[in-house]
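Please look over the structure shown below before reading on.

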Amino acid sequence: WHRSLNPKKLIEIEFSYPHTTLKNTIAFYKLPETPLTPGFRAMVKSDVVALGLLLEQYLEQFTIAPEFSPEDIEHWFIPTNDDVVHTFVVEDLESGRITDFCSFYTLPSTILGNAKYKVLKAAYSFYNVSTKTSFCQLIKDALIMAKQKGMDVFNTLDIMHNKVVFEDLKFKPGDGNLQYYLYNYRLKNQLIPEELGLLLL
């Protein structure tokens, strides 16, 4: 699923097509300039334990999900200078407790045959956990941050709880499917996307 962040560019490279005028399309996808959630900030190393606990509790509900050690959390979630993964936490302003987090990774693609643009900058939803902030508002803040960081489009799969935000946040279905190949597993029933807590990076 795709959410336009830079609709003008996406239309000009024929990634997407306007259903109305360009001006109306740009207005339709407009986002606030800054995050909406109080206490929303970039993750730092001291958040590793709190974020790990949130993620562990969240992933328990899914049929298939990874286990993350503190070292894994530090490696996969702390933003680094190479601009690959971006993680943001919500810190309760009164207690100082980490209540929510959202994350995305970036993956540029080369644009062929376009004289104006050479690179499509895409953000991909990673792991997101909400306990106090609504999930929709949390993902909206992720969209705002992806836009701030110059991303053109925000992509996500329909796994975990992602589907609940698609309509409100103006995601549109893509034309592809990601298939997971599981081996050395015996499954009683066919998995549905909402039962999958595994996201490959």
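Where is the place of serine 125? In this model, which is a predicted one, serine 125 has its place in strand E5. Its relative accessible area is 7%, and because buried means under 20%, serine 125 counts as buried. Leaving aside its neighbours within four places in sequence, serine 125 is in contact with Ser103, Phe104, Tyr105, Phe154, Asn155, Thr156 and Leu199. The side chain of serine 125 also makes a polar contact, at 2.9 Å, with the side chain of asparagine 128.

Asparagine 128, the partner in that polar contact, has its place in the loop between E5 and strand E6, which covers residues 129–130. Is asparagine 128 buried or exposed? At 3% relative accessibility asparagine 128 counts as buried, because this value is under 20%. Besides meeting the side chain of serine 125 at 2.9 Å, the side chain of asparagine 128 reaches the backbone nitrogen of serine 103 at 3.1 Å. When residues up to four places away in sequence are not counted, asparagine 128 touches Tyr58, Phe101, Cys102, Ser103, Phe135, Ile139 and Asn162.

## Tyrosine 58

Tyrosine 58, one of the residues that asparagine 128 touches, is found in helix H3, made up of residues 48–59. With a relative accessible area of 10%, tyrosine 58 is buried, because the value is under 20%. If residues up to four places away in sequence are not counted, tyrosine 58 touches Asn128, Val129, Met160 and His161.

How far apart in space are tyrosine 58 and threonine 25, C-alpha to C-alpha? The two residues are 36 Å apart in space, and 33 residues apart in sequence.

## Helix H5

Helix H5 consists of the 14 residues 135–148.

Which residues of H5 are buried? They are Phe135, Leu138, Ile139, Asp141, Ala142, Leu143, Ile144, Met145 and Ala146, and among them Phe135 and Ile139 are touched by asparagine 128. H5 is followed by glycine 150, whose phi is positive, near 85°.

## Two residues with positive phi

Most residues other than glycine have a negative phi. Glutamate 14, although not a glycine, has a positive phi of about 65°. Glutamate 14 lies in the loop between H1 and H2, and at 55% relative accessibility glutamate 14 counts as exposed, because the value is over 50%.

Lysine 170 is also a residue other than glycine with a positive phi, in this case near 70°. The place of lysine 170 is in the segment after E7. Its relative accessibility of 25% makes lysine 170 partly exposed, because that value lies between the limits of 20% and 50%.

## The largest pocket

Rolling a probe the size of a water molecule over the atoms shows where empty space is left. In this model, about 800 Å³ of space lies in the largest pocket. The largest pocket is lined by 29 residues, and those nearest its centre are Leu157, Asp158, Gly176, Asn177 and Leu178. Strand E5 (119–125) and strand E7 (153–155) are the elements that give two or more residues to this lining, and E5 supplies its largest share, four residues.

How do the residues of this lining divide into nonpolar, polar and charged? There are 19 nonpolar, eight polar and two charged residues.

## The second largest pocket

The second largest pocket holds about 420 Å³ of space. Its lining is made of 19 residues, of which Ser16, Tyr17, His19, Tyr29 and Lys172 lie nearest the centre of the pocket. Strand E1 (2–4), helix H1 (7–12) and helix H2 (22–28) each supply at least two residues of the lining, and the largest share, three residues, comes from H1. By class, this lining has ten nonpolar, seven polar and two charged residues.

Conventions
Residues numbered from 1 in each chain as written. Predicted model: local features only at pLDDT ≥ 70, side-chain atom pairs only at ≥ 80, totals over all residues. Heavy atoms only, no water. Expected span 1.5 Å × (residues − 1). Buried < 20%, exposed > 50% of the residue type's maximum accessible area, 1.4 Å probe, protein only. 1 Å grid on protein atoms, 1.4 Å probe; cavity = no way out; pocket = protein on both sides within 12 Å on 5 of 7 lines; lining within 4 Å. Points joined across faces, edges and corners; volume = space filled by probe spheres on them. Nonpolar A, V, L, I, M, F, W, Y, C, P; charged D, E, K, R; others polar. Polar contact = N/O pair within 3.5 Å; in protein donor to acceptor, adjacent residues only side chain to side chain. Contact = heavy atoms within 4.5 Å.
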